[in-house]
Amino acid sequence: MMGLGVMKTQDPMYFGMVGNNGKAYANRAMNESDLLIMVGARVADRAISQPDLITENKILVHIDVDAAEVNKNVMCKYSIEGDAKVVLQRLNEKLTQQDHEPWMRHIREMKSRYPMTYNHEVLTGPGVVESIYKATDGDAIICTEVGQNQMWAAQFYKYKEPRQFISSGGLGTMGYGLPGGIGAKIGNPDRPVIVISGDGGVQ
């Protein structure tokens with residue numbers, strides 16, 4: 001979740017978050033893969049409820065700048081400690097152009113078969129978030145509280161760039177959204193900043 005915007009969420013190669021608040025097709029793609037490269041992932045229980053399952057029938061590579069995160073929640077086959085940008089650049093230099101069209105076709109088909117959707121006939125949280133996206137043309141900085149409002153903002157707003165989604169990850173501090181939004185506006189006075197909050201967080 002904290003990496004939203006690193007890749008444009010409308011990019012055809014983007015498949016969304018995994019875990020219990022992720023997309024079904026992203027979870028299926030992760031589970032069915034034979035090579036899984038995790039970059040800066042801590043493998044938290046919300047993302048991977050049964051860590052041993054993601055090591056079954058696949059090679060797991062973990063890239064992280066913090067050695068303490070490697071093999072903490074799941075055992076990997078290979079680990080690379082270092083700055084993600086540098087590591088990925090060096091790996092890319094060693095690889096020839098790959099073609100995995102059968103696999104890409106398979107996961108695109110899963111994406112169309114298992115979309116994340118909601119009832120468009122009534123007022124819903126996901127519908128409100130999508131309306132905010134359309135009203136801002138995807139250019140707003142979105143700050144959230146912790147809870148279901150946070151998940152809707154992560155799932156249904158389409159992000160274009162890093163740090164466009166501002167939220168309290170990790171321990172998930174309620175009461176973060178409004179002051180986070182004030183800080184985002186001070187730092188970006190010419191951009192729209194939207195705070196999405198639930199009833200608990202706003203109190």
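Student: What should I know about the model before we start?

Tutor: The model is predicted, so local features need pLDDT of at least 70 and side-chain atom pairs count only at pLDDT 80 or more, while totals for chains, interfaces and linings use all residues. Residues are numbered from 1 along each chain as its sequence is written, and side-chain values use heavy atoms, with hydrogens and water left out.

Student: How many helices and strands does the protein have, and what makes a stretch a helix or a strand?

Tutor: There are 7 helices and 6 strands. Read from the N terminus, the order is α-β-β-β-α-α-α-β-α-β-α-β-α.

Student: Why is Tyr 159 called buried?

Tutor: Buried means under 20% relative accessible area, exposed means over 50%, and partly exposed lies in between (1.4 Å probe, protein chains only). Tyr 159 has 1% relative accessibility, so it counts as buried. Its place is in the loop between helix 5 and strand 5 (165-166). Across the protein, buried residues make up 36% of the 203 residues.

Student: Which residues does Tyr 159 contact, beyond its neighbours within four places in sequence?

Tutor: A contact means heavy atoms within 4.5 Å. Among the partners of Tyr 159 are Leu 4, Met 7, Ile 142, Ala 153 and Phe 165. In the protein, 57% of the contacts with a separation of 6 or more are between residues 24 or more positions apart.

Student: Why is Gly 138 called buried?

Tutor: Gly 138 has 0% relative accessibility, so it counts as buried. This glycine is in the loop between helix 4 and strand 4. Leaving out residues up to four places away in sequence, Gly 138 touches Tyr 133, Tyr 157, Lys 158, Lys 160 and Gln 164.

Student: Asp 137 lies in the loop between helix 4 and strand 4. Is Asp 137 buried or exposed?

Tutor: Asp 137 has a relative accessible area of 52%, so it is exposed. Its phi is near 55 degrees, a positive value in a residue other than glycine.

Student: What makes Asn 71 partly exposed?

Tutor: Asn 71 has 32% relative accessibility, so it counts as partly exposed. Asn 71 lies in the loop between strand 2 (59-64) and strand 3 (78-81). Its phi is positive, about 60 degrees, although Asn 71 is not a glycine.

Student: How do you know whether His 100 is buried or partly exposed?

Tutor: At 45% relative accessibility, His 100 counts as partly exposed. This residue lies in the loop between helix 2 (84-94) and helix 3 (101-113).

Student: What makes Asn 57 exposed?

Tutor: Asn 57 has a relative accessible area of 75%, so it is exposed. You will find Asn 57 in the loop between strand 1 (35-39) and strand 2. Not counting residues up to four places away in sequence, Asn 57 touches Ser 33 and Asp 34.

Student: How do you know whether the reach of helix 4 is close to what is expected?

Tutor: The expected span is 1.5 Å times one less than the number of residues. Helix 4 (residues 125-136) has 12 residues, and its 17 Å from first C-alpha to last is close to the expected 16 Å. Its buried residues, including Val 129, Ile 132 and Tyr 133, pack against strand 4 (141-144), helix 5 (148-156) and strand 6 (193-196).

How values were computed:
Helix = DSSP H or I, 4+ residues; strand = E, 2+ residues; numbered from the N terminus.
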